Amino acid sequence: MSSAPAIDANALTKEYNNGRGCRDVTITVGKGEAFGFLGPNGAGKSTFVKMLVGLISPTGGNASILGHPLGSLEAKAKIGYLPELYRYQEWLTGEEVVRLHARLCRIERTLADKRIPQLLQEVGIGQRGKDRVKHYSKGMQQRLGLACALVNEPELIFLDEPSSALDPIGRMEVRMILERLKERGITIFLNSHLLEDVEVLCDRMALLNNGAVLRHGKVSEMLSQRTRWQFKVGGYTPFLLSWLNEHTGLNIRHSDAGAERTEQGNGQEPEAGSSVVWLEAELDNEEQAGWLNGLIVEQGMTLYEVTRKKERLEEWFMDAVSGLSHRGERE
Ligand SMILES: Nc1ncnc2c1ncn2[C@@H]1O[C@H](COP(=O)(O)OP(=O)(O)OP(=O)(O)O)[C@@H](O)[C@H]1O
C-alpha cells in the first residue's frame, strides 16, 4: 500500500471565464481522515471537488489522489463521488441505477448481485430499491446517490452536501453511515453546510471564501481556540467590570445567560434583593477561569455559578466570515 496521502493539492486553481472558481488551494488529506470543506454559497467548494474527481481541469497548480495524477483511471477507480443536486434516471428502479454505476465501474456481475442489495440496505433504501426513481423523495434520491458513490468500494469518498435534502432523522442516519465508513478506514471529503456533521465527523477542516482558503486546521484545535465562560456574580457593583477588564486585559462583559444555567454552580443561591449579574468572557483555559474566579471573590463579590460554553462550529464559522465580502448567491 502506498504511503501517499489521499489528497495532495498544491495551489490548485480553477478560474472560469468569468473570473470565478477557486484559487491556490493547498491542502493535504491523510488516508483514513475525515476532512470537512466549508464555505458560504459560491465559495468554490464544488469547483474544487470537481477538479479532484477529474470532472473539470484545473487552470493552475496540481494535485494527486492516492498518489495518482488527477483525472487518471487509477485515481478514478479508487474514489466515490456523490455530487450535489444530481438527478438520476427516473425511469429506472433504484437498484437498476446502482447496477448501472456498477457496470460503469466494471464490477463483475456476480459481485454486483451480492453488493447492491447490501448497499441499498446500508443507505436505508432496502426493498424500495425495486421502485422507480420517479417515485423517490429527494431524500431517497440522496441515499441512492450515496449507494452509487460506494458501489466500487472506494478508498476515498467525496460527498457534496450528502444530507441537504434529508429530514433530521435522515441526516442522523447518513451521519451514522459516514461514521461507519470512517471506522472502516475510508477517507471522507465532506462538503457541507451542516456544520454539526463536520464537527462530529471530521478530524480537520478548511474554510473557503471567495475561492481561497481562509483558515484550515484540526477541528478540535480550531474550536478550542476560544471557549466562552460565564460567571454568575452576586453583590455586583459596576466598578467590578471596569476593574476586571483593566486588571486582566480580557474582554469581560455583561451576558444574558440567565436562561443558560447549568449544574456547575456552587450550590449557593443569591439572597433576595442582592444585585446579581452574569458576566462572560472568552478564555484560553481553565487556569485563566480560576484566576478570574479568584479576582471576583477578592473584590468582595460572591460567585454563584460558573459555566463553560464550548464554541459551536456555527459560531466559529459566522465569526470567520463576518465582515468579509463573499461573492455568493447574495450578489
Ligand atoms: N461553470 C461555471 N462557469 C462560471 N462560473 C462558475 C461555474 N461554476 C461555478 N461558477 C462560479 O464559481 C464560484 C464557485 O462556485 P461553486 O459552485 O464551486 O461554489 P460552492 O462553494 O460549491 O457553492 P454552494 O455552496 O452554493 O454549492 C461561484 O461564484 C459560481 O457562480
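Let's start with one residue. Glu153 counts as partly exposed, because 14 other C-beta atoms lie within 10 Å. Here is the rule behind that. C-beta atoms are placed from the backbone, and we count the others within 10 Å of a residue's own: 20 or more means buried, 12 or fewer means exposed, and in between means partly exposed.

Two ground rules next. This is a predicted model: local features need pLDDT of at least 70, side-chain atom pairs count only at pLDDT 80 or more, and totals for chains, interfaces and linings use all residues. Numbering starts from 1 along each chain, as its sequence is written.

Back to Glu153. It sits in the loop between α5 (138-150) and β7. Where is Ala11 found? It is in strand β1, residues 7-15. Ala11 has 13 C-beta neighbours inside 10 Å, so it counts as partly exposed.

Now the whole chain. It has 11 helices and 14 strands. These are DSSP runs, numbered from the N terminus: helices are H or I with at least four residues, strands are E with at least two. Of the 331 residues, 36% count as buried. Two residues are in contact if their C-beta atoms, placed from the backbone, lie within 7 Å. Take the contacts with a separation of 6 or more: 73% of them come from residues 24 or more positions apart.

The chain divides into domain 1 (7-223) and domain 2 (227-258 + 275-310). Those bounds come from an automatic or database domain assignment. Taken over C-alpha atoms, the two domain centres are 45 Å apart.

On to the sheets. Strands of a sheet pair through backbone hydrogen bonds, either parallel or antiparallel. Here, two strands pair if DSSP finds at least two bridges between them.

β6 runs parallel to β7 (residues 156-160), and 4 bridges join them. Tyr81 has Phe158 in β7 as its bridge partner.

The next sheet is open as well, with 4 strands in the order β2-β1-β4-β5 and antiparallel pairing. β5 pairs with β4 (residues 60-65) over 2 bridges, in the antiparallel sense. Ser64 stands opposite Pro69 there.

Now the ligand. How many residues surround it? The shell has 14, and the closest are Tyr16, Arg20, Asn41, Ser46 and Thr47. A residue is near a molecule or strand if its C-beta atom, placed from the backbone, lies within 6 Å of it. By class, the shell has 2 nonpolar, 8 polar and 4 charged residues. Ala, Val, Leu, Ile, Met, Phe, Trp, Tyr, Cys and Pro count as nonpolar, Asp, Glu, Lys and Arg as charged, and the others, Gly among them, as polar. Which element gives the most to this shell? Helix α1 (residues 45-52) does, with 3 residues.

Asp197 is in helix α7, residues 195-201. It is buried, because 22 other C-beta atoms lie within 10 Å. Leaving aside neighbours within four places in sequence, Asp197 is in contact with Ser163, Arg175, Leu190 and Ser192.

Last stop: strand β13. Strand β11 (residues 227-234) runs antiparallel to β13 (residues 276-283), joined by 8 bridges. Lys232 stands opposite Trp278 in β13. β12 (residues 253-255) is also antiparallel to β13, with 3 bridges. There, His254 has Leu279 as its bridge partner.
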